[in-house]
Amino acid sequence: MDTRILDDLRAIVDGRGLISSPEELHTYECDGLTNFRVIPRAVLLPASTEQVQKIVRVCHRERIPFVARGSGTGLSGGALPVANGIVISLARMNRILEVDFPNARAVVEPGVINLDVTGRVQLQEYFYAPDPSSQSICSIGGNVAENSGGAHCLKYGFTTTHVLGLEVVLPDGSLVHFGGKTLDTPGYDLAGVFVGSEGTLGIATKIILRIVKRPECVRALLAAFPSTNEAGAAVSGIIAAGMLPAAIEMMDNLAIQAAEAAVHANYPNCGGLLLVELDGPVAEVETLMTHVNEICHSNGASEIRMAKSDAERALVWKGRKAAFAAMGRISPNYIVQDGVIPRTALPKVMSEIERLGQAAGLRVANVFHAGDGNLHPLVLYDRRIPGQEENAEALSSKILELCIAAGGSITGEHGVGEDKKYAMSKMFAEPDLATMQRVRSAFDPLQLSNPTKVFPTPRLCGEKPGEYQPHPLETSGIAERF
Amino acid sequence: MDAGAPSKTATVISVDEQFRSIVGSDHVRPAISTDSVAGVQPKLVVVPGNETELAEILRVSNDAGLAVVPCGGGTKLGWGNPPARADLILSTARLNRIVEHVWADLTVTVEAGCTIEKLQEVLARHGQRLALDPLWPDKATIGGVLSTNDSGALRLRFGALRDLIIGVTLALPDGTLASSGGKVVKNVAGYDLPKLATGALGTLGVITRAVFRLHPLPRKTRTFAISVSDVEQTQHFIHVVQDSKLAHTSLQSEFSGQAPPISHILFEGTEAGLDAQEKQLRTLGGSARVLEAPPSVWSARQEVWTLTDPENRVIAKISILPANLGQTMELLQRTAHANHLRWRALVYATGIGCLRLEALPEALRDTLQSLRRDLERQGGSLVALHRSEKVPVFDVWGNAGDTLPLMKAIKHQLDPRNTLNPGRFVGGI
């Protein structure tokens with residue numbers, strides 16, 4: 001990228017919105033998935049939609065790939081820079097533009113932090129429902145890109161359920177509006193396609209969100225089981241009884257130990273811990289909680305505790321939400337996996353994970369959203385021991401294959417990003433992926449917007465058919481051609 | 001298709017044999033007058049027996065330059081603009097299997113031609129349902145309901161089809177069978193094409209099967225009718241309920257030029273929960289009359305469609321901001337009064353409503369267009385669903401906004417020869 005282009009970009013964001021010194025660029029070399037790192041050519045921090053448009057127009061004119069970035073908490077490498085490309089950080093666009101209580105809508109810029117939306121509306125007893133574990137730092141723009149879930153999506157749905165409209169800068173720099181404050185705007189559901197497209201279809205610059213009235217009460221129950229099998233059976237029992245809890249979370253013994261060590265949530269020490277949360281009208285919740293209690297007992301729960309106050313409930317959740325980070329207490333290194341299985345396959349998949357772990361000589365901790373079958377097996381290893389990192393990665397991939405074989409998905413909420421694009425062709429057939437690519441071409445015919453993510457690359461991505469040219473990833477020593 | 005174009009007629013005859021070889025002679029028949037699509041007469045009706053056959057019929061038609069109208073139960077075949085061309089009706093009537101109901105996972109995989117009623121019957125055996133109440137469930141099919149994005153009163157609690165569909169298989173005009181989404185509720189791998197297909201009116205591909213997340217059937221239900229004196233009080237009541245801690249499933253209000261408005265609310269849950277909510281509702285209702293009502297009030301939308309005088313009626317779907325309900329109904333009343341129209345509207349608390357206008361044909365067109373302008377000005381929309389033949393033709397969709405070029409680009413990518421439902425969708429797509 002020549003200096004002329006850098007000057008053009010600098011002029012758009014008035015100096016302080018451009019980062020190009022090598023030391024500062026290191027901050028942006030990866031997101032929450034740290035095993036892929038690429039230094040971008042520059043990072044732009046626009047302060048307005050107009051600036052985003054101008055930047056993207058320059059990229060379009062000069063054929064420069066760009067990657068949008070929110071808080072950089074993603075766990076699949078979705079915000080990994082593209083070599084010789086730029087990163088567009090939306091961190092400065094962090095205003096909540098409008099809150100409309102009569103219609104239960106909020107209009108926000110992409111850099112707004114997830115939890116700040118709830119913070120802004122909680123006095124009126126509303127909340128923003130999607131609650132990824134990183135909600136105190138992750139941005140709404142990033143949530144939109146990844147279609148983030150969270151523990152409560154079992155009842156409340158995902159980011160896509162709560163995004164009603166979007167202002168988007170398309171990869172050619174044009175500005176378009178998907179959906180709106182009203183439902184069912186005539187035409188294709190472009191907001192539906194855009195949410196979860198991992199930054200490959202453009203950049204959201206304004207997002208219309210649905211906010212939700214707080215339920216009358218929330219009750220949480222902790223049940224300790226001998227193993228995850230009994231806990232899993234209890235989950236099936238709850239579902240079979242016709243209940244739709246706000247959340248059902250499960251942790252195995254390793255995960256419990258880690259959470260205890262990290263935040264002292266006072267969890268019972270057991271083989272399988274179930275956290276069930278119900279919300280709604282008091283009379284309804286109390287009746288159903290009694291029922292949940294019975295189901296847990298009849299499936300062999302050795303101990304059942306009700307979180308009696310909001311403080312107790314918060315502590316229960318703190319242990320669960322800290323579970324990933326807590327692994328650092330029991331293992332020097334770990335890989336966070338994100339796979340989904342039909343809930344009925346849980347016992348089989350769990351025993352298979354255990355078998356694979358033993359065969360590899362590695363421990364696997366399990367934390368999952370049991371209500372919707374979203375597993376987060378954490379493969380523990382020690383990088384200092386030669387070969388163990390490779391073993392851990394191989395094991396993590398095998399677990400993903402188990403999920404696919406069980407009829408599930410390679411990702412429930414973390415996204416495909418850079419990390420799992422190789423696995424897309426295991427989950428989808430060639431015509432399925434080709435159809436998605438056709439949709440992508442309608443948005444981004446030049447493949448400039450986060451071009452190397454999501455889709456498997458038979459060729460190295462970004463490469464034009466025709467005579468051999470070294471790919472940017474090759475010249476920068478990141479990729480090799482075999 | 002232009003009926004006077006002999007070359008096209010010849011093409012139809014030559015591909016006719018191919019169709020027969022794909023699906024068998026019993027499943028290809030000449031179209032008759034009752035098969036006409038919004039006044040356009042197709043030539044053939046082809047009924048494939050599985051999704052491979054369907055994709056093959058589509059490919060052959062596409063290669064031959066024929067225009068294809070996908071069809072399920074045919075209950076909403078008139079929705080959308082009249083097709084620019086229509087050569088064959090591609091019926092999903094034989095793709096009617098429930099492939100897999102994994103009740104313990106609360107999911108179902110079902111073929112496009114299965115009726116809503118048949119699906120719900122099977123799901124109910126395990127105490128479950130597809131939490132959707134579309135029109136004419138006895139005839140309407142999964143594919144048709146998805147393509148038209150039909151939804152009713154349950155949407156307030158359970159969302160629309162976009163929130164219930166988790167996987168789809170589409171047959172594209174080039175014969176590709178492409179799946180996306182999956183069989184699990186939580187899944188972010190790849191683009192969300194189930195949502196793209198939902199509400200696309202069959203213009204991008206033919207839905208051959210879909211996977212849905214399910215909900216338990218309610219243990220108990222209770223419905224109440226709430227009567228207040230005027231539109232303003234209705235708006236106030238709706239706002240109070242929506243801003244409360246009530247966990248109602250549905251909330252709808254009916255308006256007309258003849259009678260005072262009436263609202264209905266549905267609660268689902270345990271006996272104890274229902275008692276408590278009833279008490280709260282009565283407190284919130286204040287001076288309003290609150291009476292228990294029969295569940296039949298939830299078919300009010302279908303009643304709006306009961307056409308005793310179809311010649312002089314239009315039916316439209318409106319979408320407004322919930323807080324604009326009062327002003328919209330007052331606008332309707334004023335407009336109706338000025339143009340001597342009879343009207344009836346059913347509006348859900350989501351802001352989506354169904355509107356019936358009765359008057360002389362020209363007055364209907366003009367009134368609808370003027371109403372649409374007013375609603376669009378407030379960020380809403382109005383889509384005409386039924387227009388009798390005497391009502392002068394007008395675009396049923398309204399303004400597509402700044403996304404039309406992108407929508408056309410998507411259409412071009414998936415259906416470059418404009419084979420599927422040409423001219424029926426937004427902006428001439």
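Q: Which residues have the most contacts inside the largest nonpolar core, and how many residues does that core have?
A: In this predicted model, the largest nonpolar core has 282 residues. Those with the most contacts inside it are A:Leu274, A:Leu378 and B:Leu90.

Q: What makes B:Leu90 a residue in contact with others?
A: Contact requires C-beta atoms within 7 Å. Leaving aside residues up to four places away in sequence, B:Leu90 touches B:Val46, B:Leu54, B:Ile57, B:Leu58, B:Val68, B:Val69, B:Pro70, B:Cys71 and B:Val206.

Q: Why are the buried residues of H8(B) said to line one face of the helix?
A: The buried residues are B:Val231, B:Thr234, B:Gln235, B:Phe237, B:Ile238 and B:Gln242. Seen down the axis of H8(B), they fall within an arc of 165°, so they line one face. Their cover includes strands E12, E13 and E14 and helices H9 and H11 of chain B.

Q: Why are strands E5 and E9 of chain A called edge strands?
A: The open sheet of 5 strands in chain A has the order E5-E6-E10-E8-E9, with antiparallel pairing. E5(A) and E9(A) each pair on one side only.

Q: What makes E8 and E10 of chain A a pair?
A: Pairing requires at least two bridges, and these strands are joined in the antiparallel sense over 6 bridges; they therefore meet the criterion. A:Val169 stands opposite A:Ile203 in E10(A).

Conventions. Residues are numbered from 1 along each chain as its sequence is written. Chains are lettered from A and ligands numbered from 1 in the order in which they are written. This is a predicted model: local features need pLDDT of at least 70, side-chain atom pairs count only at pLDDT 80 or more; totals for chains, interfaces and linings use all residues. A nonpolar core is a set of buried Ala, Val, Leu, Ile, Met, Phe, Trp, Tyr and Cys residues joined through C-beta atoms within 7 Å. A residue is buried if 20 or more other C-beta atoms lie within 10 Å of its own, exposed if 12 or fewer, and partly exposed in between; C-beta atoms are placed from the backbone. Two residues are in contact if their C-beta atoms, placed from the backbone, lie within 7 Å. Helices (H or I, at least four residues) and strands (E, at least two) are DSSP runs, numbered from the N terminus. The arc is that of the directions from the helix axis to the C-beta atoms.
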